[in-house]
Amino acid sequence: MATLQAATTSTGALVSDPQAVRELCENHCFGTLNWEVDDDGELVIWGYDSFEVYEARENGLPDYDGGIVTHEFLRSLAEYLEPNEEFDIQTAGFTKCRFPVLAKRYVVRDGEVLHADLSSPDPIDE
């Protein structure tokens, strides 16, 4: 059986209400990823897994039946970013030497959530 090997990291972003962001994160599951909101109100996410977010059940386990809620989580998080802050989350990974490799990026800034992956190649201009 092939196993996904992935790494995720983010920039740090200052949030306006650190306690509310902690509660938002505690109500969601990030697989084996770590998250922290430090004493200065800076949020970071990192670890060896793909960035996928599920709601947490009462027992703290992921609610797989509810499906992935990554976009909803990031839209909620966008409300707490300080003005002019940008939160950039990037994941890269692979399963053996199989095609395609995993690469995705989420950027939260100015109240919007942007997503990029390797699915849309663009022509190279001369």
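Mentor: Two rings of Phe, Tyr or Trp count as a pair if their centres lie within 6.5 Å. The model here is a predicted one, and by this rule the count comes to four aromatic pairs.

Trainee: Okay, how far apart are the ring centres of Phe30 and Phe51?

Mentor: They sit 6.5 Å apart with their planes at 25°, so this pair is stacked. Phe30 is in the loop between β3 and β4, and Phe51 is in the loop between β5 and β6, so the pair ties together parts 21 residues apart in sequence.

Trainee: Are Phe30 and Phe51 buried or exposed?

Mentor: Both are buried. Phe30 also pairs with Phe73, this time edge-to-face, at 5.3 Å centre to centre and 80° between the planes. Since Phe73 belongs to helix α2, that pair ties together parts 43 residues apart in sequence.

Trainee: Which residues of helix α2 are buried?

Mentor: Here's the general idea: an α-helix has 3.6 residues a turn, so residues three or four places apart point the same way. In α2 (residues 70–78), the buried ones are Thr70, Phe73, Leu74, Leu77 and Ala78. They're on the same side of α2 because they cover an arc of only 140° around the axis. What do they pack against? α1, β3, β5, β7, β8 and β9.

Trainee: And which residues make the nonpolar surface patch?

Mentor: Phe94, Val101 and Leu118 make that patch, about 290 Å² of it. Phe94 is found in strand β7, and its relative accessibility is 37%, so it counts as partly exposed.

Definitions and conventions
Residues numbered from 1 in each chain as written. Predicted model: local features only at pLDDT ≥ 70, side-chain atom pairs only at ≥ 80, totals over all residues. Heavy atoms only, no water. Patch = residues over 30% accessible without salt bridge, like charges linked within 9 Å, V, L, I, M, F, W, Y side chains within 5 Å. Areas by Shrake-Rupley, 256 points an atom, 1.4 Å probe, with all protein chains shown as cover. Salt bridge = Lys/Arg side-chain N within 4 Å of Asp/Glu carboxyl O. Helix = DSSP H or I, 4+ residues; strand = E, 2+ residues; numbered from the N terminus. Buried < 20%, exposed > 50% of the residue type's maximum accessible area, 1.4 Å probe, protein only. Arc of directions from axis to C-beta. Contact = heavy atoms within 4.5 Å. Phe/Tyr/Trp six-rings, centres within 6.5 Å; stacked < 30°, edge-to-face > 60°.
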